[in-house]
Amino acid sequence: MNEESRRPRAPITESDILAWLETTAAAVQAGEVSAPELIDLLGELRRASAACADASDWLLLAAREGGASLRQIAPVFGKGYVRAPAARLEKLHRQAQNSDQWLAILRHKQTA
């Protein structure tokens, strides 16, 4: 097994979402999905979006703990400067000082 195959992968990707959206749009256009089903899907996606944001925050904390600089992280935020990840880290540090604490918060949120 090579190093690349052991690297963690995101559970869902942009291309996964687009493929799902294309399939779902076709089903909606064909009249196969009702408005209440669309509302249920909307709720599922909003919860999944929040979970992805929480995972992103955990990864941001873990990357900093692993030695990544704000300058290295900044491009992932879509900006060429460090203010976006720095501001996010500042906000996160009001709740958790490290990725382990953030994960504990996420576990508690799920069981609450």
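These legends go with a set of close-up views of a predicted model. Residues are counted from 1 along each chain as its sequence is written, and side-chain values rest on heavy atoms, with hydrogens and water left out. As the model is a prediction, local features need pLDDT of at least 70 and side-chain atom pairs count only at pLDDT 80 or more, while totals for chains, interfaces and linings use all residues.

**View 1. Helix H3, end to end.** Here we look along H3, residues 35-65; helices are DSSP runs of H or I with at least four residues, strands are E runs of at least two, and both are numbered from the N terminus. H3 has 31 residues and spans 45 Å between its first and last C-alpha, close to the 45 Å expected at 1.5 Å a residue (the expected span being 1.5 Å times one less than the number of residues). Asp54, Asp57, Leu60 and Leu61 are its buried residues, where buried means under 20% relative accessible area, exposed over 50% and partly exposed in between, with a 1.4 Å probe and protein chains only. Their cover includes H4, H5 and H6. Just past the helix, Gly67 has a positive phi of about 105°.

**View 2. The largest nonpolar core.** Ten residues go into this one: Leu60, Leu61, Ala68, Leu70, Ile73, Leu89, Leu92, Ala96, Trp102 and Leu106. A nonpolar core, for the record, is a set of buried Ala, Val, Leu, Ile, Met, Phe, Trp, Tyr and Cys residues joined through side-chain atoms within 4.5 Å. Zoom in on Leu89 and you find it touching Leu60, Leu61, Arg64 and Leu70, not counting residues up to four places away in sequence; contact means heavy atoms within 4.5 Å.

**View 3. Asp54 meets Lys109.** The side chains of these two form a salt bridge, 3.0 Å from N to O. The pair links distant parts of the chain, with Lys109 in H6 and Asp54 in H3, 55 residues apart. A salt bridge here is a side-chain nitrogen of Lys or Arg within 4 Å of a carboxyl oxygen of Asp or Glu. Asp54 is buried at 15% relative accessibility, whereas Lys109 is partly exposed at 47%. Leaving aside neighbours within four places in sequence, Asp54 is in contact with Trp102 and Leu106 as well as Lys109.

**View 4. The other salt bridges.** Asp57 pairs with Arg88, with the closest N and O atoms 2.5 Å apart. Asp57 sits in H3 and Arg88 in H5, so this pair ties together parts 31 residues apart in sequence. Asp57 is buried, at 7%, and Arg88 is partly exposed, at 24%. Then there is Arg94 with Glu90, whose closest N and O atoms are 3.4 Å apart; Arg94 is exposed, at 62%.

**View 5. A nonpolar patch on the surface.** Leu18, Trp20, Leu21 and Leu45 share about 360 Å² of accessible area, worked out by the Shrake-Rupley method with a 1.4 Å probe, counting only the protein chains shown as cover for residues. Patch members have over 30% relative accessible area and no salt bridge; nonpolar side chains (Val, Leu, Ile, Met, Phe, Trp, Tyr) are joined within 5 Å, and like charges within 9 Å. H2 (residues 14-29) gives the largest share, three residues. Leu45 belongs to H3 and is partly exposed, at 39%.
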